[in-house]
Each structure stands twice: as C-alpha cells, then as structure tokens.
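Welcome! Please take a moment with the sequence and the 3D view below, and then let us walk through them together.

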Amino acid sequence: MRYGMAIDTKKCVGCADCVVACQTENSVPHGYARDWIAETVSGRYPYLELEIRSERCNHCDNTPCVRTCPTGASHVIEGGIVIVTPEECIGCGACIESCPYDARFTHPDGYATKCTFCDHRVKNGQDPACVSVCPTHCMYFGDLDDPNSEVAKIVARRKWKVLAPEAGTQPQIYYLV
Amino acid sequence: MREELITSSRMNPHIDPVLHIWEWQIPLYLFLGGLAAGLLFFAAYYTISGKTEKYRTAVKIAPIIAPIAIILGLMALLLDLKHPAYFWQLYTTIRLESPMSWGAWTLGAVAPLSIVWVVVNLKEIFPAFGCKVPFIKRLLIMVIKEADNGDVKWDWKWEFLQKFEKFVIKQRVPMAWAMIVLALILGVYTGILLSAFNARPLWNTSILGPLFLTSGLSTAAATIMWLSKDHHERTIFSKIDLMLITIELFLISHLIMGMLAGSEVQIQAVELLIGGEFTVAFWTNVIVLGLVVPAILEILELFKFKVPVAVPAFLILWGGLMFRFIMTDAGQVTRYLY
C-alpha cells in the first residue's frame, strides 16, 4: 500500500480552504501552517499563465528527514506516511534542514511537526481534512498501489509533475498539469 | 518571466521567509568541535610518534583546551535543541544513516577521553599550585590533597583514582591511537553534518568534510603555536599551519569550482559567496583575514621577521569561526523551491 495524492492545478482556485481545514483538524498552533498555497506566474504580459498549487509534505519515497533524524523520531508508517513521534523528538532541526520543501516546522512545544496525511482520519477510511473540504474537488487521495483507486487512475491518465524531483526525494504528491 | 509566490501567507517561525532554524549555536559548536578535534589529533600524533617531550605544548598543555571546547560546544548544542530535556534520546539509539547520531556518539566517547588525557597530565604540569579563590580551592581539595604550606597539591585523595591514573599513564599510546581516530571522525563530522543535507545546495558537497577537518586542524595548530613557549615547537607548528592553510585555500577553490560546474541550484548557491549576499563577509573574514594574511605573516616569520605570534594565531581562529558562521547562514538561504 502506498498512500499518495494528486492535485489538479487546473481546478485549484487557491481559496486556501485546505489550509484552514488542516489548521482546524490538527489544532495547528496559531501562526503556523502545515499546508499552503503556492502560485507560479509565468510568461510575459499579456501572455501570462497562472498555476495554483496546494502544497504540503510530499511523503517522499526517499526520505531525507527520516535519514537525518538522530533519534528515529521521524519515521515512515504503513502506507508510506512520514510522521514524527513528539516524545522521541529532541528538536535538533536536522529534519527541517533536510527537507527541500520546507514542509516541517518546530511546534512551540519543542518538536518537529508537519502534515501527517491526517493518518488518524485515513485509518478510519476517511480522506485527509484538506481533501475532504476542497470546494472544487481538485484533490485526490488514496492508494497509489491499487490500480483501481481514483488517485492511481488519474495519475495514470493525466499529465503530471512533482516538486523538485532533482532533489532526489521521490515525492508522492502529483500535480496534474 | 517566472514568479513563484506562497499566497496563503505561510509564515512558519524559523522557516519563512528564509530558513534559520540553526542560529549561532551550531556554527559555534562546529568551530569548537573542529578545534578540539585538531588539538587532540596533534596530541595523539606526537604521543604515538614518541615525541612527547619535544612537543610538550602540543601533547600536554594545549589539550587542556579540548575538553573545555567540547563542553562549551555541547552546551551550545543543547541550547540549539528545542526539546533539550529529551537530549538523552540521542543515546537510546544508533542511527548510522544520520550524521548527527554518530556525531553524538563520537562526542560521547571523545569528551571523557579528552578529560582523562588532560587530567593525567595535570600532575606533571602543575604538581602544586597556590589557589587564591577560596571557593575553587574548596572544590579542588574535595578530590585532591592539600600541601602543608596551604597550596593545592595535584595528588588524588582516593586510592582508586591513583590506581586508575597509573593504569592510564601506562596505556598512553593505545589511548592516543583511540584518540587520533576519534579526533579525525570528530573533525570530519563537523563538515559531514552539513553536507548530509541535500536540501541545502551550498552544503551538499562532499568536500565539506575534508575542508572542515583541515580548518579544524589549522585552528588547533594556531592555538598550539600561540601557547608554545618553545621556539622550535612554534616554528614547526607555524610550518604545519602554513601547509594546512594552503590545503584549505585549495579545497575552498575546489568547492567553488565544483559548485559552479554543478546544477542550477548549486550555481545559485555558490553565487552567494562570489558576488551575492555573503561575498564581503566571506572574502574579508575567511579568505583575507583568516587565511591569506596569517599565511603571509607566517612566511615572513620563517624569513626571520619579527611577528608577534598572537596576530596570525588570532586571525586563524577568527577566520575558522567566521567560516562556520558564514557557511551555516549562507547554506540555509539556499534551497530548491521558490
């Protein structure tokens, strides 16, 4: 089983509902965010093109954050979800330095934290909070290893890109373009 | 044109707008760790080669700084942790993939070894000494004896410590072998710690390990040169330092060349040092004041000019410290996205 996400940049309007949903669902401390909206404007006026992406931890296959963690607090659980055990984290910052997506931050309580793919919801068969609230239904979540899952089908059918593939992390969030 | 923006106002403290999760603590530790590694390396090297008397400062006096530097460095590391009370988690597991893990274990081995090394030499350097501060004297005479004239005498109060001391003195050479290996690991580790992060393109070069090791050895040679009162020893360490500075300049030019021949992110990263934000700081403090000027002064000294030893020594230490600060800060500016 390999959880992954596909996000349709052609449908995303950048409303940041996913950001708020995540902050509410996961009690993200005030002033922090586990997901965010990035916009890329390319071209020259009047031939401009706008791409909007909802970004978060990419739950990579090759995880530099897990590799550099000196205590084993950062680890991969079933389905390839990367999470941090707060009780084992010493707050050294190694995983934060090692993430090319800057997806992690230090919780005010002193441990590294980030997107968990809402593993507490996924365990119960629900979608992550961000996916479930998206008003344009631009996000797909599921098992990439299951060829019949919605996410696997759309990744197989559509053209996609991943963020900073040159960083060698094999990210598992696919941006449909 | 291509412009990338985060529009949902992500402003995670220490992450945005520019990553600065590591502040002064890490570069200070990298400097102190490198210095300690260098000092222990020279002490061990001259012990193994049987020149303990010829290089007395290097073997017996300068290493006193090593445990002090290690302890200060460990304190800086502890201050860097956001969960300092959990630091012991480092010693509940060995993770060979994580440089920080084996760095922690190396420090755990080097720190006691360096203390033992210093303590067995103290008796020889300070057999007895007057101690004017009553508080420190009271602390000292808890473990060592007081002489009849009121001086503190470096003799252990307990027999088991005396026995242990005798045992250690006999084992000096095997201890030096352990120390030389650990010192090299510690010195390389200060560089590998940074180079293991491929997300920060400026750090992500394998040359950083040897470069930081060389720089650490060079700061240690400068310290020994500064402390030594023996003319011959000073000249030797001045020559060693000159050689190390040359190697360092060579490695730095390779760092820059290698990055310029690298991928886009690495080219952008190294441009911080050759035209960008950190250029002035890097060239003045590290290259000119930290390497070239002391090298010239040391060459002048070899040609019998009178140069106060403190000047090149201080400049080398300054350059080493600044090099760590600049690399740590500049590295965190470099990234893949946005």
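## Where the two chains meet

Between chain A and chain B, 24 residue pairs are in polar contact, with both residues at pLDDT 80 or more. Several elements of chain A take part: strand S2 (36-44), strand S3 (47-55), helix H2 (64-68), helix H3 (94-98) and strand S6 (105-106) each bring at least two residues to the side of chain A that touches chain B. The largest share of that side comes from S2(A), with eight residues. By residue type, the side of chain A that touches chain B divides into 27 nonpolar, twelve polar and eleven charged residues. Please keep in mind as you read that this is a predicted model.

How many residues does each chain bring to the contact? Chain A gives 50 residues and chain B gives 42 residues. The area buried between chain A and chain B is about 3,900 Å², and carbon and sulfur atoms give 53% of that area. On the chain A side, A:Ile90, A:Glu97 and A:Asp102 supply 19% of the area that chain A buries against chain B, more than any other three residues.

## Salt bridges across the contact

Side chains of opposite charge can pair when their charged atoms come close. Four salt bridges are counted between chain A and chain B. In one salt bridge, B:Arg200 pairs with A:Asp102, and the closest N and O atoms are 2.8 Å apart. A:Asp102 is also one of the three residues named above for the area that chain A buries against chain B.

Another salt bridge brings together the side chains of B:Glu4 and A:Arg53, at 3.1 Å from N to O. This pair joins two chains, because B:Glu4 lies in strand S1 (residues 2-6) of chain B and A:Arg53 in strand S3 of chain A. B:Glu4 is partly exposed, with a relative accessible area of 27%, whereas A:Arg53 is buried, with a relative accessible area of 2%.

A:Glu51 lies in strand S3 of chain A. Is A:Glu51 buried or exposed? Its relative accessibility is 16%, so A:Glu51 counts as buried. The side chain of A:Glu51 makes a polar contact with the side chain of A:Arg53, at 2.6 Å. Leaving aside neighbours within four places in sequence, A:Glu51 is in contact with A:Thr9, A:Ala38, A:Glu39, A:Thr40, A:Lys161 and A:Val177.

## Salt bridges within chain A

Over all chains, the structure holds 16 salt bridges. In one of them, A:Arg2 pairs with A:Asp61, the closest N and O atoms being 2.9 Å apart. This pair links distant parts of the chain, 59 residues apart: A:Arg2 is in the segment before strand S1 (3-8) of chain A, and A:Asp61 is in the loop between S3 and H2 of chain A. A:Arg2 counts as buried at 9% relative accessibility, while A:Asp61 counts as partly exposed at 44%.

A:Glu25 and A:Arg121 also meet in a salt bridge through their side chains, at 3.6 Å from N to O. Here the partners are 96 residues apart, with A:Glu25 in helix H1 (residues 17-25) of chain A and A:Arg121 in helix H4 (residues 119-122) of chain A. A:Glu25 is partly exposed, with a relative accessible area of 32%, and A:Arg121 counts as buried at 14% relative accessibility.

In soluble globular proteins, nonpolar side chains tend to be buried together. The largest nonpolar core here has 109 residues, and those with the most contacts inside this core are B:Phe42, B:Phe237 and B:Ile252. Helix H1 (residues 25-48) of chain B gives the most to this core, with 15 residues. A second, separate core has 35 residues, among them A:Ile7, A:Cys130, A:Val131 and A:Ala167.

What does B:Phe237 touch, leaving aside its neighbours within four places in sequence? B:Phe237 is in contact with B:Phe42, B:Tyr46, B:Tyr55, B:Ala58, B:Ala221, B:Ile224 and B:Met225.

## A closer look at B:Thr279

Our last stop is B:Thr279, which is in helix H11 (residues 279-302) of chain B. B:Thr279 counts as buried, at 18% relative accessibility. The side chain of B:Thr279 reaches the backbone nitrogen of B:Gly275 at 2.7 Å. Beyond neighbours within four places in sequence, B:Thr279 is in contact with B:Glu271, B:Leu272, B:Leu273 and B:Ile274.

Key
Residues numbered from 1 in each chain as written. Chains lettered and ligands numbered in written order. Predicted model: local features only at pLDDT ≥ 70, side-chain atom pairs only at ≥ 80, totals over all residues. Heavy atoms only, no water. Core = buried A, V, L, I, M, F, W, Y, C linked by side-chain atoms within 4.5 Å. Buried < 20%, exposed > 50% of the residue type's maximum accessible area, 1.4 Å probe, protein only. Helix = DSSP H or I, 4+ residues; strand = E, 2+ residues; numbered from the N terminus. Contact = heavy atoms within 4.5 Å. Buried area = accessible area lost by both parts, 1.4 Å probe. Polar contact = N/O pair within 3.5 Å; in protein donor to acceptor, adjacent residues only side chain to side chain. Nonpolar A, V, L, I, M, F, W, Y, C, P; charged D, E, K, R; others polar.
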